[in-house]
Amino acid sequence: MSSKNKFLDIIKAQRKQPKPKKFEGTFLEYLDKVGDDPSIVKSAHARLYDAIIEHGVKEFEDQSRKRKLFSDQSMKIYEYFDGEFFGMESVVSKIMNFMRSASLRGEESRQVLLLMGPVGAGKSAITEHIKSSLEGKTYHHIKGDPQRGEPLQLLPRSLREQFETLLNVKIDGDISPIARYKLIEDFAGAYEEMDVVETTFSQRGRRGVASVPPMDANSQDVSVLIGSEDISKLDKYSEDDPRILSLNGAFNVGNRGVVELVEVFKNEIEFLHTIITATQEKRVPSPGKHDMLHFDGVIWAHCNESEWNKFRAEHTNEAILDRIVKINVPYVLELDQEIKIYEKLLARSDFEAHIAPHTLRVASMFSVMSRLAQTQKCDILTKMKIYNGEEVIEKGRVKKIDIKDLREETRNEGMKGISTRFIMKAVDSALAGSNKDFITPVSIINSLTTKVKEQIIDEEFRTYCLELIRVTLREEYLKILEDEIAKAFVTAYDEQAQSLFNSYLDNAEAHTTRQKLKDPITSESREPDERFMRAIEEQIGITGSSRDGFRSDVTAYMFAKMRRGEKVNFKSYEPLKEAIEGYLIASVKDMARIVTKSISRDDDQQKKYSEMVQTMIDEYGYTAESAEEVLTFASNNLWRDS
């Protein structure tokens with residue numbers, strides 16, 4: 001069979017598939033349908049809210065992250081956003097709280113939801129994702145009505161209370177002038193005989209979903225929002241005849257669904273006056289000499305901070321400001337979540353080059369640190385680690401800095417800094433500009449440096465970013481690389497680290513409880529091994545009187561985890577993990593340095609070097625070429641004075 005026939009068979013098979021049957025009948029038949037299922041009658045906010053939560057709502061599963069970063073406060077995960085947006089749980093939670101209140105006809109149902117944040121923070125992506133939740137969902141409307149209004153609006157107001165009780169629904173609003181004309185002229189007022197149809201939401205088909213881009217001041221026209229008059233019909237009909245109306249504006253199209261106002265404050269204020277009545281009164285002007293039209297829709301807007309501040313500063317904008325609920329959408333400040341963003345974006349691209357370990361982490365470290373405000377409590381690198389939920393060691397002690405204190409110190413943190421788009425352009429540049437089929441942290445550091453020099457205009461911020469790359473980022477990566485090279489020298493690293501952990505925990509528990517240990521070989525009782533514990537603790541600077549406190553902290557922490565049913569291993573407590581790794585790595589670091597740095601290696605050194613490279617490939621995910629590049633970088637930069 002030829003390819004042409006195969007294609008045709010696929011097309012024919014698709015056409016033969018049965019399509020869902022949609023309702024089409026009289027208004028009286030529609031009333032029967034509502035009586036059987038009142039849930040088909042919903043406000044726009046309720047419909048959008050239900051479309052999102054029908055995908056599922058669950059409790060926050062990462063208990064460690066919840067405890068460290070959200071102070072164990074209740075946090076729901078909406079599965080519609082799960083796997084699509086990272087580090088934005090707080091933003092999504094605020095949006096869904098707004099939507100829930102609006103779905104219950106609270107004050108939020110008469111407000112504009114405004115997402116405000118820096119470029120590349122995800123405002124447009126969230127908006128598009130939420131609009132997409134309506135795609136394919138069905139709703140009913142009067143046949144031939146350009147506004148696709150709720151059919152129950154056909155009921156006269158004198159009967160609405162009675163029908164609300166009978167149907168267990170709420171009836172708001174009025175039919176459009178065009179629907180009213182059809183009712184009078186075509187059905188002689190017999191609204192029970194009017195045709196009602198079922199249709200689907202579609203942004204592409206302009207059914208229930210509308211977007212309004214920012215308009216140029218010289219060309220903006222309110223008809224984009226409310227429709228216009230068809231001037232070609234004015235020679236046939238009078239100005240107040242509904243037949244001259246072209247109700248194709250955003251508020252007409254988005255009725256029963258969503259109207260998105262893109263970069264809303266780039267428009268002139270006069271263009272936005274329609275928002276005033278569309279929110280509180282749920283009515284929008286109609287073109288020409290007609291009464292205002294009922295509007296039931298979610299008005300969703302987004303903008304950047306500078307535009308918001310400019311708009312807010314003008315006192316004549318009070319009426320619109322009073323009708324806005326603003327939700328900040330800052331950049332992500334959690335390192336691990338930032339990395340997931342780039343992994344997602346790269347997975348959707350056509351790049352096939354190998355990305356060496358730590359490459360995206362290094363890029364993400366730079367973006368997150370650039371967004372953090374300076375503080376006297378700690379340096380930027382430490383603050384980044386605390387925001388990532390890590391335990392930070394400083395001068396032999398766990399650094400006791402409350403994440404709440406850091407967040408409260410700076411309002412609106414994350415509203416400035418390096419954007420996600422900037423980092424992706426640097427990654428793309430490293431991938432596309434290399435003549436190799438891989439990129440490493442070394443190449444991404446070089447690419448970031450180039451992009452900062454080329455694209456950042458603000459001289460002060462440019463200097464700050466270059467300093468972050470040249471000093472903080474470079475030194476942190478060298479530390480990561482040194483540890484990784486040393487780990488690659490240790491056979492069965494995790495097993496040895498776990499053995500050290502078990503031994504230390506046994507000794508620390510015995511020391512804290514003032515008991516003796518039983519020797520596993522001789523079964524004799526013995527005192528805790530003080531020399532061994534000190535050798536571990538000294539790796540993170542714990543000496544003198546601080547030893548007892550550290551041992552008690554470790555013991556209490558581990559047993560608390562065990563009581564919660566959590567897994568305990570050498571990685572469970574960051575300070576002890578760092579101490580054990582330091583102890584283990586110190587024993588091989590000198591040998592790793594000598595073998596890596598040597599230009600001419602003897603047979604034994606070459607064997608160890610080859611084994612180390614193979615471990616980096618098999619265990620850590622390097623290729624032979626990327627491992628060679630980072631080892632060369634280490635040789636030239638890490639042990640320059642050795």
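Q: How should I read burial in this model, and is lysine 282 buried or exposed?
A: This is a predicted model, and a residue is called buried when its relative accessible area is under 20%. Lysine 282 has a relative accessible area of 18%, so lysine 282 counts as buried.

Q: Where is lysine 282 found, and what can be said of its phi?
A: Lysine 282 is found in the loop between helix H11 and strand E11, which covers residues 283–284. As a general idea, most residues other than glycine have a negative phi. Lysine 282 is not a glycine, and yet its phi is positive, at about 55°.

Q: What is the phi of alanine 188, and is this residue buried or exposed?
A: Alanine 188 is not a glycine either, but it has a positive phi of about 50°. Its place is in the loop between helix H8 (177–187) and strand E6 (195–200). A residue counts as exposed when its relative accessible area is over 50%, and alanine 188, at 71% relative accessibility, is therefore exposed.

Q: Is asparagine 267 buried or exposed, and which backbone oxygen does its side chain reach?
A: Asparagine 267 lies in the loop between strand E10 (258–261) and helix H11 (274–280). With a relative accessible area of 9%, asparagine 267 is buried. A polar contact pairs N or O atoms within 3.5 Å, and here the side chain of asparagine 267 reaches the backbone oxygen of valine 264 at 3.0 Å.

Q: How do I read a patch of charge, and which residues gather in the positive one on the surface?
A: The idea is that like charges are joined within 9 Å, among residues with over 30% relative accessible area and no salt bridge. In this structure, the positive surface patch gathers Lys94, Arg312, Lys326 and Arg411. One of these residues, lysine 94, is found in helix H5, which runs over residues 89–103. Lysine 94 has 48% relative accessibility, which means that it counts as partly exposed.

Q: How many residues apart in sequence are lysine 94 and isoleucine 327?
A: They are 233 residues apart in sequence, while in space the distance between them is 7.2 Å, taken from C-alpha to C-alpha.

Q: Which residues form the negative surface patch, and where is glutamate 29 found?
A: The negative surface patch is formed by Glu29, Asp32, Asp36 and Asp37. Glutamate 29 is found in helix H2, which covers residues 27–36. Since partly exposed stands between the cut-offs for buried and exposed, glutamate 29, with a relative accessible area of 42%, is partly exposed.

How values were computed: Residues are numbered from 1 along each chain as its sequence is written. This is a predicted model: local features need pLDDT of at least 70, side-chain atom pairs count only at pLDDT 80 or more; totals for chains, interfaces and linings use all residues. Side-chain values use heavy atoms; hydrogens and water are left out. Patches are made of residues with over 30% relative accessible area and no salt bridge: like charges are joined within 9 Å, nonpolar side chains (Val, Leu, Ile, Met, Phe, Trp, Tyr) within 5 Å. Accessible areas come from the Shrake-Rupley method with a 1.4 Å probe; for residues, only the protein chains shown count as cover. A salt bridge is a side-chain nitrogen of Lys or Arg within 4 Å of a carboxyl oxygen of Asp or Glu. Lys and Arg count as positive and Asp and Glu as negative; His and the chain ends are not counted. The place of a charge is taken as NZ of Lys, CZ of Arg, CG of Asp or CD of Glu. Helices (H or I, at least four residues) and strands (E, at least two) are DSSP runs, numbered from the N terminus. Buried means under 20% relative accessible area, exposed over 50%, partly exposed in between (1.4 Å probe, protein chains only). A polar contact is a pair of N or O atoms within 3.5 Å; within protein, one must be able to donate a hydrogen and the other to accept it, and residues adjacent in sequence count only if both atoms are side-chain atoms.
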